[in-house]
Amino acid sequence: SMQFNVALFYYEYTDLQLVYFDAGSSQVSNVGKARGEGLEADLRWLPGDNWDLYMGLSLLDTKITDATEIEEVGACGDCDGNNLPFAPEVSVSALITYKHPVSKGEIFFTTAYVYQDKMFGGPDNIPDATVDSWNTFAFRLGFSSNNGWRTTLWLENAFDEEYFERGWENADADNQYGYGLFNELVWPAKPRTIGFSVSKKW
């Protein structure tokens, strides 16, 4: 069996609030106006009794259309036409699971893939605070018993991809007026991690 969903969307913001830094402290101001449009789609396919395949796709285009308010308080330089922060243009996810029945349960193996396009860390879209695109793989091997027990051996960030989860615009485009803070990338991703879990479903 197969299930496919798709949605197109368009939205406009008026007085969208964003957090920014001023003199080293966190402040909130209205951006003014912004808009976004895009597409979200997902597909789930069960080609047989043992296979379960899923894929998700998100396409997003955002723009600040009137930055008068946020520019007046000095929260950004010339933001008109810039992308909204934390809004990657492309995001992809995929899951492939194989299950094999055995005595008293089933063995399963799952491969997971995630891709995220570059993402800006503030309304100025400053390169020093822009997260580059990244992708990761994860694997899970386990046993699920008929009486609700599950044991899983898992491997996250299997190929040890080095990336940051977000950026933060703390100063202007020249890294000035941050009062000791700079435009930078923060929250480094976890390195390759292996673990084992046991759970019980009642």
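Hi everyone, thanks for coming. Before anything else, please keep in mind that this is a predicted model.

Let's start with the overall layout. The protein chain has 12 strands and one helix. Reading from the N terminus, the order is β-β-β-β-β-α-β-β-β-β-β-β-β. The chain is more spread out than a compact globule, because its radius of gyration is 22 Å, well over the 17 Å that the globule rule gives for 202 residues. Along the principal axes, the C-alpha trace covers about 70 × 40 × 30 Å.

How much of the chain is buried? Of its 202 residues, 33% count as buried. The accessible surface is about 12400 Å², and carbon and sulfur atoms account for 55% of that. As for contacts, if we take those between residues at least 6 apart in sequence, 61% of them join residues at least 24 apart. And for those of you who think about charge, there are 14 positive and 30 negative charges, and their mean positions lie 18 Å apart.

Now to the cysteines. The structure has one disulfide, and it joins C76 to C79, with 1.9 Å between the sulfur atoms. As a quick reminder, a disulfide is a covalent bond between the sulfur atoms of two cysteines. Are these two cysteines buried or exposed? C76 has a relative accessibility of 8%, so it counts as buried. C79 is buried too, at 0% relative accessible area.

Next, two spots where the backbone deserves a look. Most residues other than glycine have a negative phi. K104, although not a glycine, has a positive phi of about 70 degrees. You can find K104 in the loop between β6, residues 90-102, and β7, residues 105-116. Its relative accessibility is 65%, so K104 counts as exposed.

The other spot is N125, where phi is also positive, near 55 degrees, again in a residue other than glycine. Where does N125 sit? It is in the loop between β7 and β8, the latter being residues 134-145. N125 has a relative accessible area of 14%, and the cut-off for buried is under 20%, so N125 is buried.

Let's move on to F139, which is in strand β8. F139 is partly exposed, at 23% relative accessibility. What does F139 touch, once we set aside residues up to four places away in sequence? The list is F109, T110, T111, L153, W154, L155, A158 and F159. F182, on the other hand, is 43 residues from F139 in sequence, and their C-alpha atoms are 37 Å apart in space.

Last stop: G195, in strand β12, residues 193-200. G195 is buried, with 14% relative accessible area. Leaving out neighbours within four places in sequence, G195 contacts T152, L153 and W154.

Key. Residues numbered from 1 in each chain as written. Predicted model: local features only at pLDDT ≥ 70, side-chain atom pairs only at ≥ 80, totals over all residues. Heavy atoms only, no water. Helix = DSSP H or I, 4+ residues; strand = E, 2+ residues; numbered from the N terminus. Rg over C-alpha atoms; globule rule 2.2 N^0.38 Å. Buried < 20%, exposed > 50% of the residue type's maximum accessible area, 1.4 Å probe, protein only. Contact = heavy atoms within 4.5 Å. Areas by Shrake-Rupley, 256 points an atom, 1.4 Å probe, with all protein chains shown as cover. Lys, Arg positive; Asp, Glu negative; His and termini not counted. Charge placed at Lys NZ, Arg CZ, Asp CG, Glu CD. Disulfide = S-S within 2.5 Å.
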